[in-house]
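The following exercises are to be worked through with the sequence and the coordinates at hand. Each task is followed by a solution in steps.

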Amino acid sequence: MSQPDLAANSADLTMPAVKAHKHDCAVIDELKMRFGDTAFTEQSSSDAIPTLWVGRGILLDVLRFVKTGINRPYRMLYDLFAIDERLRNHRDGQPSADFTVVYHLLSFDRNSDLRLKVALEGEYPSLPSCVGIWQSASWCEREAWDMFGITFEGHPHLRRLLMPSTWIGHPLRKEHPARATESGPFQLPDEKQDAEQEALLFRPEDWGMKRVSESSDFMFLNLGPQHPGTHGVLRVILQLDGEEIVDCVPEIGFHHRGAEKMGERQSWHSFIPYTDRIDYLGGVMNNLPYVMAVEQLAGIEVPERAEVIRIMMCELFRIASHLVWYGTFAQDIGVLSPVFYTFNDRERIFDIVRAVCGGRMHPSWFRIGGVAHDLPAGWDKMVLDFVQHLPPRILEWDKMVMRNRLFKARTVGVGAYTLEEAIDWGVTGPGLRACGLDWDFRKQRPYSGYDRFDFDIPVASNGDAYDRGAIRIAEMLQSIRIIEQCARNMPAGSYKSDHPLTTPPLKERTMYDIETLINHFLGVSWGPVIPPGESFYGIEATKGNNGYYLISDGGTMAYRLHIRTPSFRHMQMLPLMARGRTVADVLAILGSIDFVLADIDR
Amino acid sequence: MALGGILTVAANLIWLERRLLALWQDRYGPNRVGPFGLFQTIADAIKMFLKEDWIPPFADKAVFVLAPCIINATALLSFAVIPFAPGVQVMDLGAGLLFLLAMSSLGVYSVTLAGWASNNKYALLGGLRASAQMLSYEVYMSLSLMGVVLMAGSLNLSEIVKAQEGMWFCIPQCVGMALFFIAGIAETHRLPFDLPEAEAELVAGFHSEYSSMKFGMFFIGEYIGITLISALTALLYFGGWSGPLFGLSENLAPFVQFGWFALKTFILIGFFILLRASMPRPRYDQLIEFGWKAMLPLSLLNLLVTGAVVLALE
């Protein structure tokens with residue numbers, strides 16, 4: 001890897017940015033040709049993703065057809081989640097439903113998405129499981145069951161995923177209390193404690209595992225939730241034959257804070273800080289998909305300066321996140337020093353972030369319609385100093401880590417998956433690019449004006465732990481290029497849109513006419529009222545594609561807020577990567593995935 | 001006195017290692033307690049002594065207590081045959097080197113028994129790894145030493161030092177030295193060969209269940225081990241106490257000679273610490289494979305060539 005030629009950077013900010021990605025709507029006709037005109041109901045949404053309602057009966061046929069039968073297929077199950085429709089008022093033209101299950105599919109050949117919805121009637125409805133088509137649906141369906149009580153027939157392990165197994169009720173249903181004060185005081189009598197303890201026991205039989213084989217007794221090793229190698233509260237149960245892993249079960253949910261439920265009772269504006277804590281290493285990068293989804297729903301155009309500021313801060317946080325990953329990954333392999341070097345340089349980023357945003361790790365700095373305030377005086381010198389400082393450091397660490405033979409012996413070929421497996425399991429981000437697919441939302445579906453910047457997308461071919469690492473390191477150098485272009489070409493203008501739904505609204509004219517004063521007062525006290533509709537926005541976040549799916553019922557809060565996180569999918573692949581390897585390899589694999597527990601559990 | 005001296009050195013090594021690591025890792029390290037943070041280890045030791053001496057109810061109590069004693073006893077006993085300067089040693093054994101190897105073999109019991117007695121899966125894995133690693137690396141350690149023995153014609157450490165008057169053995173025995181040092185790292189299970197405790201994988205490996213001073217004994221035992229291997233390397237390959245005497249009288253000479261010995265030992269200890277600051281950890285099977293496929297043939301070859309040359313010169 002060589003240092004990128006920073007002089008060759010030529011951002012052309014005079015060029016108009018791509019405003020919205022065009023999805024391929026021809027699929028609607030292709031589906032109607034195959035299944036008949038009456039099989040589907042179309043629905044429009046503000047994100048322009050073709051959205052079709054499908055009957056329960058033909059659901060699996062349709063899914064199978066779009067995955068394998070259709071030309072230029074939709075090979076990735078990008079997301080699967082449910083909606084409780086029972087209290088929703090604005091459902092114009094949508095088939096009647098108590099619950100909806102949404103399948104969000106992605107086609108790389110078309111560079112287009114497809115959203116299929118299934119209307120379900122009844123208090124605790126059921127529908128056939130699609131685990132047979134996409135294995136990655138397993139956790140999504142378990143989550144939907146856990147959160148809504150929707151049964152997926154034919155799912156091999158339909159049990160709770162995020163909530164404890166002793167939980168009563170399904171939290172994302174509208175009747176489930178959102179606040180602790182809405183339920184009785186918490187008590188833990190001895191019997192309950194015993195039952196809770198009992199529920200924590202791992203029974204291999206529940207997972208189709210055997211305790212003994214013909215030749216040996218297996219050892220079940222409980223890795224986590226408190227373990228130095230799991231980077232947070234993650235529990236992985238390993239079935240071991242000696243030190244070799246026969247199978248493993250990742251158990252998640254320890255970091256579940258109900259971010260989606262909170263989204264239903266926070267105003268559109270006051271939810272922004274919660275997004276910071278989803279991928280807690282990504283800082284303001286988390287704000288971006290959320291505020292863009294809201295802006296899409298409200299029809300707000302963001303000024304150019306705000307867009308470039310957003311890109312600059314996002315790329316700084318991409319580097320900050322990758323630096324944490326680099327240090328801890330090296331530490332997992334046993335190189336103890338780089339973590340100190342990378343954290344020192346991360347502090348330099350936080351110095352800039354502190355000067356610009358006033359916060360460090362979770363500045364919650366983006367706003368609906370722009371950013372919180374303008375850049376401070378002298379920001380460009382800080383940024384350009386950092387741009388000069390970091391690349392030589394990264395190349396220096398390369399000698400210590402990536403080019404070390406022992407390090408290579410531990411990572412090359414470890415935890416490898418093929419491109420087909422990656423797509424099938426919903427892998428995005430560096431993990432996907434490590435398999436050779438040049439897929440980055442910043443290039444494929446430019447948002448916030450990324451198309452006007454000059455940068456490359458690093459790609460590798462082996463899909464192993466080493467390549468996933470190499471991609472992230474190369475990405476940091478590319479982010480440096482983007483940041484430098486931002487700093488050198490920062491456009492003048494406003495840092496915030498003057499749209500009335502911008503939050504908090506601009507105050508300049510409030511004292512001159514009563515209409516603006518009222519709007520300002522309501523926007524600040526209640527928060528903005530976002531027009532009813534549905535909107536999804538996904539971005540290339542630090543760990544893969546992070547997206548927010550918002551449903552507004554015309555209120556000051558989201559009716560349903562769903563967060564599509566990359567780590568959730570990546571963690572689900574762990575057994576595939578770990579089988580047949582040793583305990584030491586599991587730690588190398590975990591390190592190479594670069595997950596954040598809050599990004600898995602939300 | 002020697003015992004107290006070695007324990008003090010080992011304890012202060014902890015401070016030295018923390019300061020050196022900090023230096024190499026762009027941070028301060030312990031610098032608050034006493035001048036340059038020198039009393040940090042004392043503070044740590046006091047804390048360790050005052051902690052609850054906890055034996056888990058599921059552990060095998062007798063063995064659990066015995067295990068940390070073994071490592072300290074064997075490591076300290078090994079120093080009995082180390083000559084710090086001409087004539088300055090506890091006992092001048094004819095087969096000093098054999099005694100050392102015997103002690104180091106016994107040291108394996110400590111780690112293995114600790115892993116077994118803790119009745120904890122992580123500790124067990126650590127203990128298993130330790131026994132396989134230490135047993136196999138002991139083989140290469142003793143084989144690589146045989147080159148020195150052949151050249152010096154003696155197993156007595158003082159004799160070996162005297163045999164290096166013309167040339168330090170690190171030159172003719174450079175392969176042997178490298179092999180011995182690698183095996184030494186594996187014996188003391190230090191990074192990069194710290195698989196028995198590999199904190200990222202096994203939490204704390206064989207001593208996961210240990211706390212208070214029983215943990216402290218493993219801790220000190222590790223540093224005594226480092227001092228021992230460094231002292232041995234200095235003795236066997238770097239001429240031990242030999243060095244310029246600056247024309248001093250015979251009464252003062254041993255002090256300078258001891259100084260030379262100490263200096264060489266500390267440089268080697270520094271090397272141990274530098275390795276920890278810079279190397280990744282191989283996987284268990286890679287370590288064992290490296291042992292049997294690279295270390296063993298090389299140490300046998302070294303022995304063969306040394307033997308042939310010694311024979312030819314006679």
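**Exercise 1. Identify the residue of β9(A) that stands opposite Leu221(A), and describe the sheet around this pair.**

Step 1. In this predicted model, the residue of β9(A) facing Leu221(A) is Leu238(A).

Step 2. The strands concerned are β8(A) and β9(A), the latter spanning residues 235-241; five bridges join them in the antiparallel sense.

Step 3. The sheet as a whole is open and has three strands in the order β8-β9-β10 of chain A, paired antiparallel. Since β8(A) and β10(A) (244-251) each have a single partner strand, they stand at the edges, and one side of each is left without a neighbour in the sheet. From one strand to the next, the twist averages 20°.

**Exercise 2. Characterise the contact between chain A and chain B: which elements of chain A supply at least two residues each, and which gives the largest share?**

Step 1. Begin with the extent of the contact. Chain A contributes 34 residues and chain B 25 residues. The buried area is about 2,500 Å², with carbon and sulfur atoms giving 57% of this area. On the side of chain A, the greatest losses of area to chain B fall on Glu243(A), Leu336(A) and Leu406(A), which together account for 21% of what that side buries.

Step 2. Turn to the specific pairs. The interface holds one salt bridge by the rule applied, formed by Asp585(A) and Arg283(B), whose closest N and O atoms are 2.9 Å apart. This distance meets the criterion of 4 Å for such a pair. The rule also finds 10 residue pairs in polar contact across the interface, with both residues at pLDDT 80 or more.

Step 3. Assign the residues of chain A to elements. At least two residues each come from β8 (219-223), α8 (304-333), α9 (338-357), α10 (379-400), α11 (405-411) and α19 (583-593). The largest share, five residues, belongs to β8(A).

Step 4. Classify that side by residue type: 18 residues are nonpolar, 10 are polar and six are charged.

**Exercise 3. State the strand order of the five-stranded sheet of chain A and locate its edges.**

Step 1. The order is β1-β2-β5-β4-β3, in an open sheet with mixed pairing.

Step 2. The edges are β1(A) (40-43) and β3(A); each has a single partner strand, so one side of each lacks a neighbour in the sheet. Ignoring direction, neighbouring strands are turned by 25° against each other on average.

Step 3. Within the sheet, β2(A) (residues 51-54) and β5(A) (residues 112-120) run parallel and are joined by four bridges. Trp53(A) has Lys117(A) in β5(A) as its bridge partner.

Step 4. Helix α1(A) (residues 26-35) packs on this sheet, where it touches β1, β2 and β5 of chain A, and its direction makes about 165° with that of β1(A).

Key:
Residues numbered from 1 in each chain as written. Chains lettered and ligands numbered in written order. Predicted model: local features only at pLDDT ≥ 70, side-chain atom pairs only at ≥ 80, totals over all residues. Heavy atoms only, no water. Contact = heavy atoms within 4.5 Å. Buried area = accessible area lost by both parts, 1.4 Å probe. Salt bridge = Lys/Arg side-chain N within 4 Å of Asp/Glu carboxyl O. Polar contact = N/O pair within 3.5 Å; in protein donor to acceptor, adjacent residues only side chain to side chain. Nonpolar A, V, L, I, M, F, W, Y, C, P; charged D, E, K, R; others polar. Pairing = 2+ DSSP bridges. Axes fitted to C-alpha atoms, helices over the stretch in contact; angles between N-to-C directions.
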